[in-house]
Amino acid sequence: MAQLFQRTLGRDAWSLEALLSLQQDGQVWIVEQEYTLAGAMAFLCEPFAFRIVQIAVDPLYRHRGYGRDLVHSLVEEARRQGYPALVAEVRMENHEAIAFYKKLGFQVFPRALRYPDGSPGAVVSMEVHP
Ligand SMILES: CC(C)(COP(=O)(O)OP(=O)(O)OC[C@H]1O[C@@H](n2cnc3c(N)ncnc32)[C@H](O)[C@@H]1OP(=O)(O)O)[C@@H](O)C(=O)NCCC(=O)NCCS
């Protein structure tokens, strides 16, 4: 799982230790296909939102709806637990991820933040209706 994030997210990938530490206030969900890890999503349960901290689908399994399935499952979980929103951060240069979040109905706030290396990032968010 950490390897999938490393391969797809590079410098933004969380280490295995960081992912394991998520167990206290977050979770990692995976998509398995043909006994292979096709995708994974790590999220944190914050006071007013679920924060997606990493989401990745192996290039061999992209464009099959697995990313959408992961996010839709999280929307259902947020609704079940009464969380009002999902949020995530994404680099402005990551046009594919921004298109993905837009397609799923997230609102995009361009240049809302800067990454530690100075690159601009967007905050994306989606309201979860009861
Ligand atoms: C972003 C990512 C998770 C999408 O996963 P995926 O399983 O391929 O996405 P889906 O098949 O569920 O796509 C859902 C919708 O998002 C949009 N979308 C997905 N990938 C896209 C791309 N490369 N370009 C434009 N739109 C895209 C499409 O509109 C798609 O809907 P459609 O198939 O009905 O047209 C995947 O591309 C990935 O792992 N990227 C690298 C890691 C990354 O950047 N993560 C986000 C960082 S915050």
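This is a predicted model: local features need pLDDT of at least 70, side-chain atom pairs count only at pLDDT 80 or more; totals for chains, interfaces and linings use all residues.

Colleague: How many Å apart in space are His95 and Pro59, C-alpha to C-alpha?

Modeller: In sequence, His95 and Pro59 are 36 residues apart. In space, their C-alpha to C-alpha separation is 16 Å.

Colleague: Which element gives the largest share of the shell around the ligand?

Modeller: The ligand is surrounded by 20 residues, the closest being Arg62, Gly67, Arg68, Glu96 and Ala99. Two or more residues of that shell come from each of α1, β3, α3, β4 and α4 (95-103). By class, the shell has 10 nonpolar, 5 polar and 5 charged residues. The largest share, 5 residues, is given by α4.

Colleague: What is the order of the strands in the open sheet?

Modeller: The sheet has 6 strands with mixed pairing. Its edge strands, each of which pairs on one side only, are β1 (26-33) and β5 (107-114), and the twist from one strand to the next averages 25 degrees. Read across the sheet, the order is β1-β2-β3-β4-β6-β5.

Colleague: In which sense do β3 and β4 pair, parallel or antiparallel?

Modeller: Strand β3 covers residues 49-57 and strand β4 covers residues 85-91, and the two are joined over 3 bridges. Within this pairing, Ile52 has Ala88 of β4 as its bridge partner. The sense of the pairing is parallel.

Colleague: Over how many bridges do β1 and β2 pair?

Modeller: The two strands form a hairpin with 2 residues between them, and within the pairing Ile30 stands opposite Ala40 in β2. Their sense is antiparallel, and the number of bridges is 8.

Colleague: Why does Glu34 count as exposed, and what is its phi?

Modeller: The place of Glu34 is in the loop between β1 and β2, where Tyr35 is also found. Glu34 counts as exposed because 7 C-beta neighbours lie inside 10 Å, and Tyr35 counts as exposed because 5 do. Tyr35 has a positive phi of about 60 degrees although it is not a glycine. For Glu34, likewise a residue other than glycine, phi is positive and near 50 degrees.

Colleague: Which residue of the hairpin of β5 and β6 takes a positive phi near 95 degrees?

Modeller: β5 and β6 pair in the antiparallel sense over 5 bridges, and Leu113 stands opposite Gly121 in β6. The hairpin has 5 residues between the strands, and the residue with the positive phi near 95 degrees is Gly118.

Colleague: At about what angle to β2 does helix α3 run?

Modeller: Helix α3, made of residues 66-81, lies across β1, β2, β3 and β4. Relative to β2, helix α3 runs at about 30 degrees.

Colleague: Which element gives the most residues to the largest nonpolar core?

Modeller: The largest nonpolar core has 27 residues, and those with the most contacts inside it are Met41, Phe43, Ile52, Leu70, Leu74, Leu86 and Val124. The elements that give two or more residues to this core are β2, β3, α3, β4 and β6 (120-127). With 7 residues, the element that gives the most is β3.

Colleague: Does Asp58 count as exposed or partly exposed?

Modeller: Asp58 is found in the loop between β3 and α3. Leaving aside neighbours within four places in sequence, Asp58 is in contact with Leu4, Leu37, Ala38 and Gly39, while Gln3, 55 residues apart from Asp58 in sequence, is 10 Å apart in space, C-alpha to C-alpha. Because 17 C-beta neighbours lie inside 10 Å, Asp58 counts as partly exposed.

Key. Residues are numbered from 1 along each chain as its sequence is written. Two strands pair if DSSP finds at least two bridges between them. Helices (H or I, at least four residues) and strands (E, at least two) are DSSP runs, numbered from the N terminus. Axes are lines fitted to C-alpha atoms, for helices over the stretch in contact, and angles run from 0 to 180 degrees between N-to-C directions. Two residues are in contact if their C-beta atoms, placed from the backbone, lie within 7 Å. A residue is near a molecule or strand if its C-beta atom, placed from the backbone, lies within 6 Å of it. Ala, Val, Leu, Ile, Met, Phe, Trp, Tyr, Cys and Pro count as nonpolar, Asp, Glu, Lys and Arg as charged, and the others, Gly among them, as polar. A residue is buried if 20 or more other C-beta atoms lie within 10 Å of its own, exposed if 12 or fewer, and partly exposed in between; C-beta atoms are placed from the backbone. A nonpolar core is a set of buried Ala, Val, Leu, Ile, Met, Phe, Trp, Tyr and Cys residues joined through C-beta atoms within 7 Å.
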